[in-house]
Amino acid sequence: MATVAQSNFIFGLRRGVTNNLCFLDDQTVVFPSGNNCIRYNIDQKWQKFIPGTERSLGLQAMALSANRRYLAVSESGEKPTITVYDLTHEQGRKRKLLTAGDGPAGEFLCMAFSPNSKYLVGQSGGPTWTLVLWLWERQKVLATVSSSDGDPVSQVSFNPLDDTQLCVSGPGLVCLLNYREGVLKRQSPAKVKGVAVLCHAWVSGTRVVAGTDQGRLLMVESGELRWDLDAWTRPAQLLETRHTDNKPPREARVEGTAASPSGEGPGTTPTSGAGPGATPPSGEGRGVTAILAYSKGFMCSVGPGTVCVFENTEEMDSYRKTRELLIPPDPCTYEPGRAQQQQVATLCLSPGEDTLALSTQQGQLYAINLISTEISRGEPAHFEFLSSSFHTKSITGLSVCIRKPLVASCSLDRSVRVWNYDTNVLELYKEFQEEALSVSLHPSGLFLLVGFTDKLRVMNLLIDDIRTVKELTLRGCPECVFSHGGHLFAAINGNVIHIYSVTTFDNMLTLKGHNGKVQAVAWSADDSRLVSCGTDGAVYEWNAHSGKRESENVLKSCVYAGVAVSSDARTIFAAGTSLKEIQDSQVLRELSGDDVTYTALALSRSGKVIFTGTSSGTVRVVRNPLPLQQDWTEYQAHCGPVTKVLVTFDDQLLLTASGDGSLMVWRILDKESRRDKELSYTEEILITKTDLEEKNQNMQELKTRVEELRMEKEYQLRLSDSRYNEKIKELSDTFILEIQALKAKNQMMEEEGENAALAHQEAMTELRETFSKELLDSESSSSQKLLLEYSKNLEQQRQSTAQQEENEARLEALEQSHARALGELRLSYQEQLQHTSQQLAKVQSAAALSQQAALESRRQAEEDSELEVQTVQQDYEERLYRGGESYLTLKGEAGIMRKQLDSLRREVEERCEDIERLKKEAGRLQGVIRSLETDILGLKKEISERVETIQDKERVICDQGKKNQELEKINFLRNSMLEEQKKSMAPRDSAITEMKAQIQEMEAELKLFHEENTQLELHVSDLKLKLRATAKERNKEMQKVKQSEGLVRRFQVDLHRCAALLQEPGQLKKAVQEMYGCYIRPGDVVEIVGVDEDIQREWARQRDHLEKTVSSLKVQQAKDSEQQQQKNLKLMRENTSLIQEINELRKELQTVRTLLHSLQLQNVASARKKGPRGGPAHQLAGKKGPEAARPTSSPVRRAPRRPGPPAGQ
């Protein structure tokens, strides 16, 4: 067949499947939907299908291997099977098909892979509850065992650290099993009788945490119950799991609270429920339905819509409840809190442990990012839909439109949903209080027709809502369809078909003729004909204009479920127990269903292919005209009966809906058809006037708010600039003060350095004396130690040679004795072996003779032969037993001799090791002697080097004395230059003080300008408020004007109608009275007087005056703002020029200070070297008087008295 249907996307989740959600990687999950397993990428929103096997009755369980490479799927059918798929292949290639063999096993309810992914275990259902272990790659059953004594089993799992240990759990059961020597052996189960265990998870290699239907957590360690805890505890409570052996299990303790009144001890108290503020539900709703272990602890579902996270603590065997994750309420339902009451079915975590996903028992998928900001802050965190919200019950209606890529569906879950099959997203959905039975989309995609159990409603598809426009009193409408032109729609009420107008909602036609309920209707391509079918076996063709019946075909044995009509309206296709092709009221061709019933059908727009849905959930593709034989292509689609089948207007997609709540999108691949042009979709949407006005008003308010924020930000920036300038000034002042303090500190440190140099010289002389004494002492002591070590070394060499000779002699003696003992043993064993072989030959010959005698005696008499055979057999067994015992005794003696031989070998090896150890010790002592000799040589070398360094330092000291004399000469010259620089700096300091005063005056003036600017901004804001008030009044007046204009138009229309009745006075009078009663109220009747012209002139004058005032104020405001900006710019320019001048002056001052500092340093250095040696300084003092003959330290003492820079710097 040239036409192929390829699965593209599916909306829905298969409920009732164990472990129905798994992560393949951080972006891809696997879940069952329909009769397929879906690989869904969360980020890129694509799906890949793994179809189920043919003739399958549905999926039962899923399991993913530890390496995330293989997927096991359990399916029910004639014989329960498990299929293993290789997920590394793009389409999920089928690897192995596993069965339970010949054992009595039912369908497999749960499965698990081993940690190394080599083994697979499956748990079958009752009454046997058989557990089957496979080596699945070889399709080999390793072991089977009954996992319980008749109690149901709900989960099975492998120990994550041991491939041979398993755990099964169920109501009243938590049991460990071990696989040893080809057998699965059950350990003694934990004492949980009477407790309904729902799930479990391994948290370590020995511990299993199990959850019960009463919301309690059980810790089972090595098959024994350790503690029992109520999971309804508030977060941040510590769960102690410490428990000593030989004590009964107790409730967990919670740290961090006061001592219990019963004397449990300080810091612990039993927790029997939720903490304050939490109200745990009672009964079935509070159970722990899923547990998941991860690296930091474990997660579990506690009651409806809640997942709790427990993390390990620093103490051993302790867990702390750190947070709660909640399913959010659904605002699109009439009961938003009902979504929070969903029970969690499965929990799964991504490999990177950053995303947690769950599936609920109502068929929804949720996910949450565990590293989000809300969770890290400790705020309440809520799940989000993994893809979109799904139908939870059977889909009853399905419809597509022409102008948009939308499909609408309704379900028995009371919801109506609109999907986009182009982007594969849910556009709109809304839940109602009544069940929705049928739905139809208008061809424009803007209107919706929904049939409920109580009435038929026409609705608008708004941008974010589905809103009712009209309600029609049609109860239980199973089918409603818009015409292709969109001007009519047909609705079914029992066995009657109503045709309504879309514009007026008037009932145009009522079609009666069916004796049973009408099941389906279909419009022809030109909307001139309407075809219907029903449970009475009738297919009628109606004229949509006159309501007459054009043709009919009645087969009472047939029950039809769907009908379609060809594009030329000549051929009708009806689906029921078989597929029929009808022309001119006659059945031309018929195609049987092959043990299934056709539940829905759709004809492609080209008319070449017919798509049908069956009661088994498959989709069949049949060519048109119908073949004479059973020739079709069948695809696995859903796990329930197909309720609706549709083809999009461009013949590219096929849509199927099922009773399992899933909606599937297929891509139609037709090799023969050619699409000349592609359909372009519209993007128009409906929105109410009030919503649009609210959105525009919000946008306007946001714009004004943005403008206000911008102005406020600019003002804040100006204020911050002024603050930063003040801070810069303060910092510059503090830096100048710090520089002065550092200069004084530097002078003090220089004085301290001189004192330290003198102390260092004295210490050096002392060290030289002590070092010479220590050197002599160390030379004498080292020579004595060397002689002692040399004598010890000679003594140890003599001892080692003697010990070595003795050990060699002992070794030779041991080898000789070992050889003799080994020869003796060999001879004795050979003799014993010959003796036993002779005895064995004798026994064998005797056995042969006894067998011959037994045969002869058996020929003679059967009774005698039996007795003789028994006696001979007993004799043979006794001899064989004695021979075996003798063999065992000989074997034991040989083992003893081997042990003795091994002990002798070990002694020899120990002696050899002692010899090697002594050799190593001698070598070590020789190495010590060599190291001591090298140490002596190094010490001598170090002494000679230190003597040389002392001589070098003395030469350096002499050179430094000469340099000091030269620096003293330079110091006197620089002092004179320094005095001249100080005299030149005085006028610059006065100029700097004047500039500072000028800057302060300018800053005060700038502050006044800022104040005036703020006053002007306040005045501007007042004017804006006045303008807003006038705008509001203007809008009110405009609304009044519009109302009055509408009233005038209505009055003109009524007056025009009255003018038409001028020839009929009676009717004219009646019409005028009606107009008077409509437009004139009793309270509104007043005398009509002329309006005073002076009042109108005064009102106009006041209005003109106010308008001129507003305009003048606007002009004045603009001028003031411009002047203010110019003043600000002028001040900023002046300020920048002054700052530049200040910076230049500061640089000049810095250079002068650096020069002054260098001169001072040179003076200090020359003063140090001047003194006892005399020299040029004394000669200069004799020539220039007493000032030059002052001590060398006088410049250092005079430095603090010199005038420094002004305080402002």
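This short talk walks through the sheets, cores and a few single residues of one protein model.

Some ground rules before we start. The model is predicted, so local features need pLDDT of at least 70, side-chain atom pairs count only at pLDDT 80 or more, and totals for chains, interfaces and linings use all residues. Residues are numbered from 1 along each chain as its sequence is written, and side-chain values use heavy atoms, with hydrogens and water left out.

Let's begin with the record. Take residues 388–423. That stretch is 50% strand and 0% helix. Its end C-alpha atoms are 12 Å apart. Helices (H or I, at least four residues) and strands (E, at least two) are DSSP runs, numbered from the N terminus.

Now the sheets. Two strands pair if DSSP finds at least two bridges between them. Axes here are lines fitted to C-alpha atoms, for helices over the stretch in contact, and angles run from 0 to 180 degrees between N-to-C directions. Five bridges join β6 to β7 (residues 70–75). Leu64 stands opposite Leu71 in β7.

Next sheet. Four strands form an open sheet, ordered β43-β44-β45-β46, with antiparallel pairing. Its edge strands are β43 (480–482) and β46 (507–512). The twist averages 15° from one strand to the next. Three bridges join β43 to β44 (residues 488–493). Phe482 has Phe489 in β44 as its bridge partner.

On to the inside. How many residues does the largest nonpolar core have? It has 47. A nonpolar core is a set of buried Ala, Val, Leu, Ile, Met, Phe, Trp, Tyr and Cys residues joined through side-chain atoms within 4.5 Å. Buried means under 20% relative accessible area, exposed over 50%, and partly exposed in between (1.4 Å probe, protein chains only). Residues with the most contacts inside this core include Val29, Phe31 and Trp666. Strand β61 (residues 663–670) gives the most to the core, with five residues. A second, separate core has 20 residues, among them Val153 and Phe158.

Look at Asn36. It sits in strand β4 (residues 36–41). Is Asn36 buried or exposed? Asn36 counts as buried because its relative accessibility is 2%. A polar atom of its side chain lies 3.0 Å from the backbone oxygen of Ala637. Leaving aside neighbours within four places in sequence, Asn36 is in contact (heavy atoms within 4.5 Å) with residues including Phe31, Ala637 and Met664.

Last, some backbone details. The peptide bond from Asn624 to Pro625 is cis, with omega near 0°. Pro625 lies in the loop between β57 (618–623) and β58 (633–636). Asn19 has a positive phi, near 55°, and is not a glycine. It is found in the loop between β1 (3–11) and β2 (22–23). At 29% relative accessibility, Asn19 is partly exposed. Asp651 also has a positive phi, near 60°. Asp651 lies in the loop between β59 (642–647) and β60 (653–658). With a relative accessible area of 13%, Asp651 is buried.

Terms used:
A polar contact is a pair of N or O atoms within 3.5 Å; within protein, one must be able to donate a hydrogen and the other to accept it, and residues adjacent in sequence count only if both atoms are side-chain atoms.
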